[in-house]
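Let's take a walk through this structure together, starting with the whole chain and then stopping at a couple of spots along the way. Have the structure open and follow along.

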Amino acid sequence: MPGDCREAMQWFVSNFGLYSGSIRGLFLSDFTEEHEASLEASIISLKSRGFSPLVITGEMLNKQAEYLYDQALAGTTFGRPVATRAEIDIVGADLLILEGIVAPENAMQLWYLQNQIIYPRALSGKATVITTPLSYEEFSRYGGSCQDGDFAGRPITWEKVMWLIEAP
């Protein structure tokens, strides 16, 4: 078993795409600036093997949530989520790397994380790597304090998001 973030990332990159039907993702807690070089080397390695990883920072994720949420409420037909080019790129990427993610702070960010990132990628069988400076316990606890939301009559909860993150 890998001992830290660097070893886990090396193991993941070495095994990514080798086995048909294997969509395992990776959750890297306690991810600090000293691990950045390992992440950049992993991205280069994946690109050299023909994969196209897409990196999104937590800040970009929150900005996109703010941008899309109001549009989605106004333009949703029968509860179907609205998507921009960014969401199409996110779902289509071989590997999505969510870098520096902290738990959502409001229902809008929770909605975006579940309905536009985690669930569509799980549904399409695409792997996601999540890095967070928080420990797993902090990430789980902070997200639990986020207000649950509702979108087009469908409840959105932190428990659903965590289940999708933890699901093999």
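Contacts between residues 24 or more positions apart make up 80% of the contacts in the protein with a separation of 6 or more. Keep in mind that this is a predicted model. The protein has 168 residues, and 42% of them count as buried. As for secondary structure, you'll find seven helices and six strands. Read from the N terminus, the elements go α-β-α-β-α-α-β-α-β-α-β-β-α.

Now zoom in on a pair of helices. Two packed helices are described by the angle between their axes and the distance between the axes. Here, take H6, residues 136-144, and H7, residues 158-166: they pack at about 150°, and their axes are 9 Å apart. An angle over 145 degrees counts as roughly antiparallel, so that is how H6 runs relative to H7. The crossing of H6 and H7 is right-handed. On the H6 side, the contact is made by Tyr136, Phe139, Ser140, Gly143 and Gly144, while H7 brings in Trp158, Met162, Ile165 and Glu166.

One more stop, this time in helix H4, which spans residues 85-92 and holds Glu87. What is the nearest side chain of opposite charge to Glu87? That's Arg85, 9.5 Å away. A salt bridge needs the side-chain nitrogen and the carboxyl oxygen within 4 Å, and Glu87, though buried, has no salt bridge. So who does Glu87 touch? Leaving out residues up to four places away in sequence, Glu87 is in contact with Gln64, Leu68, Tyr112 and Gln116.

Notes:
Residues numbered from 1 in each chain as written. Predicted model: local features only at pLDDT ≥ 70, side-chain atom pairs only at ≥ 80, totals over all residues. Heavy atoms only, no water. Helix = DSSP H or I, 4+ residues; strand = E, 2+ residues; numbered from the N terminus. Buried < 20%, exposed > 50% of the residue type's maximum accessible area, 1.4 Å probe, protein only. Lys, Arg positive; Asp, Glu negative; His and termini not counted. Contact = heavy atoms within 4.5 Å. Axes fitted to C-alpha atoms, helices over the stretch in contact; angles between N-to-C directions. Parallel < 35°, antiparallel > 145°, perpendicular 65-115°, else oblique. Left-handed = near helix turned anticlockwise from the far one by under 90°.
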